[in-house]
Amino acid sequence: MAGARGALIALEGVDRAGKSTQGRRLVEALRAGGHRADLLRFPERTTEIGRLLGAYLAGEKDVEDHAVHLLFSANRWEHVPSMKEKLRQGVTLVVDRYAFSGVAFTSAKENFCVDWCKQPDIGLPKPDLILFLQLSPEEAAARGDFGSERYENSLFQEKVLKSFYHLMKDKTLNWKMIDASKSIEDLHREIKSIAEETMLEVQNKPLGELWK
Ligand code: T5A
Ligand code: NA
């Protein structure tokens, strides 16, 4: 339909919940169904800022905690012009992690409050839907590879989860809780159906601004 915009759909959740797997599957399925859809991941590690963040996460580089928080946010802002343009053209964007990961991870550190953490991301394109993939720490750890990157320890992950729950209290945002312990296929079907519903609902509504 001419003039219809794409939806902005964020995938959030604890580490290993299946965000990247589901993001890829969703975009493939939407395209197969004749929709225009693109996948984005944050951090987007291919830009200069993104390469720095990649080295930070791999433990190859240390960056001061406030500074790195601002860099994660800057890495989202540097993609905003192209995101807005695509949405306007009718492309649905699926984002694998967004500002909510940004706030949840930094505010889990000592001496960071949620309010400070939110500031740099205020005004980003507001997701029309945030799918939160829920998985117990035990199930997440059983999915392998856990513990190789910065932040991948269970105590820190518990704090991250608490921060996510705090952010979910914001009823101006459309959070949908998803039980990520299901099979990849069952999860995919559930996510695809919620995504398609949202795409229809928002196609003639203006894109919002996050936390404004
Ligand atoms: N970060 C990020 C910040 O501190 N600030 C920020 O602003 C942002 C954006 C980036 C790190 O950066 C931090 C948060 C993170 O610590 P990343 O690159 O997103 O992290 O992390 P990855 O390590 O790539 O991904 P995750 O650990 O989050 O995993 P996913 O994407 O949730 O899970 P996925 O799909 O890769 O699957 C993990 C494994 O489980 C299997 C998969 O095959 C895979 O082996 N799996 C399933 N197994 C059984 N049942 C299912 N339903 C399964 N789904 C997937
Ligand atoms: Na991922």
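Contact, as I use the word here, means heavy atoms within 4.5 Å.

**Entry 1: ground rules**

I am working with a predicted model, in which local features need pLDDT of at least 70 and side-chain atom pairs count only at pLDDT 80 or more, while totals for chains, interfaces and linings use all residues. Residues are numbered from 1 along each chain as its sequence is written, chains are lettered from A and ligands numbered from 1 in the order in which they are written, and side-chain values use heavy atoms, with hydrogens and water left out.

**Entry 2: the whole chain**

I looked up the elements of the protein chain and found 9 helices and 5 strands. Helices (H or I, at least four residues) and strands (E, at least two) are DSSP runs, numbered from the N terminus. I wrote down their order from the N terminus as β-α-β-α-α-α-β-α-α-β-α-α-β-α.

Next I looked up the extent. The C-alpha trace spans about 50 × 35 × 30 Å along its principal axes. The radius of gyration is 17 Å, which agrees with the value near 17 Å for a compact globule of 212 residues. That radius is taken over C-alpha atoms, and the globule rule is 2.2 Å times the number of residues to the power 0.38.

Of the contacts between residues at least 6 apart in sequence, I noted that 81% join residues at least 24 apart.

**Entry 3: surface and charge**

The accessible surface of the protein chain comes to about 10,300 Å², and carbon and sulfur atoms hold 52% of that. Accessible areas come from the Shrake-Rupley method with a 1.4 Å probe, and for residues only the protein chains shown count as cover.

I found that 49% of the 212 residues count as buried. Buried means under 20% relative accessible area, exposed over 50%, and partly exposed in between (1.4 Å probe, protein chains only).

I also looked up the charges: there are 31 positive and 32 negative side chains, and the centres of the two sets lie 4 Å apart. Lys and Arg count as positive and Asp and Glu as negative, with His and the chain ends not counted. Each charge is placed at NZ of Lys, CZ of Arg, CG of Asp or CD of Glu.

**Entry 4: backbone exceptions**

Most residues other than glycine have a negative phi, and most peptide bonds are trans. I then looked up departures from this.

Phe-42 and Pro-43 are joined by a cis peptide bond, with omega about 0°. Pro-43 sits in the loop between strand S2 (37–41) and helix H2 (48–57).

Arg-16 has a positive phi, near 70°. I placed Arg-16 in the loop between strand S1 (8–13) and helix H1 (19–32). Arg-16 counts as partly exposed because its relative accessibility is 25%.

Trp-211 also has a positive phi, near 55°. Trp-211 lies in the segment after helix H9 (184–202), and its relative accessible area of 15% makes Trp-211 buried.

**Entry 5: cysteines**

I asked how many disulfides there are, and the count is 0. A disulfide is a pair of cysteine sulfur atoms within 2.5 Å. The cysteine sulfur closest to that of Cys-113 is in Cys-117, 6.5 Å away, so the two are too far apart for a bond. Cys-113 is partly exposed, with a relative accessible area of 45%, whereas Cys-117 is buried at 0%.

**Entry 6: two residues in detail**

Val-95 is in strand S3 (residues 92–96) and is buried, at 0% relative accessibility. Leaving out residues up to four places away in sequence, I found that Val-95 touches Leu-8, Ile-9, Ala-10, Leu-11, Leu-40, Phe-42 and Met-83. Between the C-alpha atoms of Val-95 and Trp-175, which are 80 residues apart along the chain, the separation is 14 Å.

Thr-198 is in helix H9 and is buried, at 4% relative accessibility. I finished with Thr-198 and Leu-8, which are 190 residues apart in sequence but 9.2 Å apart in space, C-alpha to C-alpha.
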